Amino acid sequence: MYGYDELDQALVDQRVAEFRDQVRRHLAGELSEDEFRPLRLRNGLYIQRHAPMLRIAIPYGLLNARQLRALAAIARRYDRGYGHFTTRQNLQLNWPALADVPDILAELAQVQMHAIQTSGNCVRNVTADHLAGIAPDEIDDPRPYCELIRQWATLHPEFTYLPRKFKIAVTGSAEDRAASEVHDIGLQLRRSAQGEIGFSVRVGGGLGRAPAIGQVVREWLPLPELFAYLEAILRVYNLHGRRDNIHKARIKVLLKSLGLERFRAEVEAEWQMSRAGAPQLTAAEVERVRGFFQLQPYETLEDYDPTAGREISFKAWYRYNTRAHRVPGYRAVFVSLKAHGAVPGDMSSAQMEGVAALAERVSFGLIRSTHTQNLLLADVPQHTLYEVWRELAALGLAMPNIGTLTDMIACPGLDFCSLANAGTIVVARQIQERFDNLDYLYDLGEIEIKMSGCMNACGHHHVGHIGILGVDKHGEEWYQISLGGSANGTTALGEVIGPSVAQHEVAPTLERIVETYRELREEDERFIDTVRRLGVTPFRERAYAAHPAAA
Amino acid sequence: MRHILRRRDIVEDSWRYLGEEVGPGDPLIVPLAELRAERERWWNWTGRLGARLKPSDRVEDLTADLPRLDLVAVEFPNPGDGRGYSQARLLRERLRFRGELRAVGAGVRQDQAFLLARCGFDCLEPTAAASLEAVRSALHRYDVAYQPGAPQVELRRQRFFGRGAAP
């Protein structure tokens, strides 16, 4: 993985010193809450329902064991012994004290981590495919480009006070596992006939209040022009994006109001005029960063079936929680943060330390966070899988449900977030209880549930096969259900099936929906394909049948 | 008497804004809209002339007047409005403005000083309550950066450079 040089380290250290001074001035009364807010937000610090919430950046979801141990130690010392992994591959602490945050940041800096630009109206953590570098279908590893973008965006002199938050994702595979089409900028790696690397550039995707799928502004952007083109997009947005209404300030609104053709013309003109002064991405710099992401020193192994003769629960785990690796003899292993009874994405300090130790033994000391709120050990020799399974099971991290209905995404919801309208944790628990039978889950197959506690859509509900959105209805927590969303492969926004349902009715309604699927599916048809084939009508009819609580 | 930070120096401001008390031949800053409305009048002003941009003003509208101008003041009504950063870079890099580039308003504070200077501002005019000493020392919070920037801030190390710039 990328390792800081003296410049990277100095910048993070100086940021800590700056933030320490900002906190000091705030606590001394020199900076009012209104003055302090944009400063703390640009360092990942929210003031939430119970306490501040600190969002720590995990650039493109890559961690080493030392960093995960540091996160565990920080969560134990400054928080309540756990953290929450988010859909943007970051880690949130829910209970730090404001006065401790500078010390937390200083400890993070010692392991080459930070919280820079994890919130606020600026360029956020750059995210990537969690199978980057090992996926069999990959064009090129997106992570070197993510790292370059991270550096380019960090404390950018021109683009630190944008109209609204700005999210960039990079994907290098045919299957888009980074949800790049619902980002402000989605970069999809391409390789030309001559073997040159470039990107197709999508702009204007996003979830939130007015969900939109990104549109292709440029089919082919050569790698050396990456920064120049990003600057052109950001400059058009910075100058012309709306600042009078927070709900209309994302770049998707600007793109829609100008129309794709005019937006593209503006960006292209800006690019042509400004590229001479834009930061150059030299071949030497690309090579320097690429050097950090070389292939691991894999052993020469052969693929075999490690489940032969093993118990059925190991076979289930192997089938659901591991993935193909491009190197023979290896698998990628999901660390499920979706145990039934647990909060999706939550992880205790002890679990973090256990996974760090395991990663050091069997996966080159590296750990990845996924946008589905799990972790991944990317390079595990197949002959160690049985042992890995037993260790993960002992840690409570081997729930064999990856890709199934209970591998759901959920934001922290009303229990923690001051923006939320409704709880998500309680609903997640209901769903886990109602769908606790693994054979039933396996029969249902691949279903993505994505749940958000409010319109801001941190839980990506619009792109869930089943989306659940918490709404406030006269002071009560109700839930709107949508079907047919998807963020990988064919990006689509889900369709709301009808009136929202009361909290205790969410899981029963889901059961009626998936039962409808079981009746209507053809052969091995996945849930999402049945919904696409038949539309939402048959599901709507059944979802509300004999359903007095619907209103 | 208003004070400003001009490069590294805290100095009295000899410039006047239109609407303030102005003597004949005083250096005068007029809003872009005013300059466009009465171009001949302001070009004939006997003293030095400056223009003041609002965040919504188009920098390109100033092109024809730049040869007459010794100063451009860019407004930052609050810290969250970042349009002025782009306006500054356009003035410096595209329109090649070499006069004084001044950031003015409630959005000009010590916590923005480093970024403002990197975008080409060589003069900062915070609201009266701000400590200019604090703003000045904030220019040195960082001695490294990733991106190219204006020469107003001296850096020890920088990662990326513009075309033709020596690495």
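User: At what angle do the axes of H5(A) and helix H9 (residues 283–290) of chain A cross?
Analyst: They cross at roughly 115 degrees and come within 9 Å. Axes are lines fitted to C-alpha atoms, for helices over the stretch in contact, and angles run from 0 to 180 degrees between N-to-C directions. Note that this is a predicted model: local features need pLDDT of at least 70, side-chain atom pairs count only at pLDDT 80 or more, and totals for chains, interfaces and linings use all residues. Residues are numbered from 1 along each chain as its sequence is written, while chains are lettered from A and ligands numbered from 1 in the order in which they are written.

User: What makes residues of H5(A) and H9(A) count as meeting?
Analyst: Contact requires C-beta atoms, placed from the backbone, within 7 Å. A:Pro144, A:Glu147 and A:Leu148 of H5(A) meet A:Val286, A:Val289 and A:Arg290 of H9(A). By class, this contact has four nonpolar, no polar and two charged residues. Ala, Val, Leu, Ile, Met, Phe, Trp, Tyr, Cys and Pro are nonpolar, Asp, Glu, Lys and Arg charged, and the others, Gly among them, polar.

User: What makes H7 of chain A a helix, and which of its residues are buried?
Analyst: Helices are DSSP runs of H or I with at least four residues, strands runs of E with at least two, both numbered from the N terminus. H7(A) spans residues 251–258. A:Ile251, A:Lys252, A:Val253, A:Leu254 and A:Leu255 are its buried residues. Their cover includes strand E9 (197–203), strand E10 (215–222), H6 and helix H8 (260–274) of chain A. After H7(A) comes A:Gly259, with a positive phi near 85 degrees.

User: Why is A:Tyr60 called buried?
Analyst: Burial takes 20 or more other C-beta atoms within 10 Å, exposure 12 or fewer, and partly exposed lies in between, with C-beta atoms placed from the backbone. A:Tyr60 has 28 within 10 Å, so A:Tyr60 is buried. A:Tyr60 is in the loop between strand E2 (52–56) and E3 of chain A. Its phi is positive, near 40 degrees, in a residue other than glycine.

User: How do you know whether A:Gln89 is buried or exposed?
Analyst: The count is 26 other C-beta atoms within 10 Å, so A:Gln89 is buried. This residue lies in the loop between E4 and strand E5 (91–93) of chain A. Phi of A:Gln89 is also positive, near 70 degrees.

User: How many residues of domain 1 of chain A are in contact with domain 3 of chain A?
Analyst: 21 residues of domain 1 touch 20 of domain 3. Domain 1 covers 6–110 and domain 3 covers 312–394 of chain A. These bounds come from an automatic or database domain assignment. The domain centres, over C-alpha atoms, are 27 Å apart. On the domain 1 side, H3(A) gives the most, with seven residues.

User: What makes a set of residues a nonpolar core, and which members of the largest touch the most others?
Analyst: A nonpolar core joins buried Ala, Val, Leu, Ile, Met, Phe, Trp, Tyr and Cys residues through C-beta atoms within 7 Å. The largest has 203 residues, and A:Ile233, A:Val335, A:Val355 and B:Leu124 touch the most other members. Helix H6 (226–240) of chain A contributes the most, with eleven residues.

User: Which element gives the most to the side of chain A that touches chain B?
Analyst: H1(A) does, with six residues. The contact takes 30 residues from chain A and 28 from chain B. The chain A side has 16 nonpolar, ten polar and four charged residues.

Terms used. Two residues are in contact if their C-beta atoms, placed from the backbone, lie within 7 Å.
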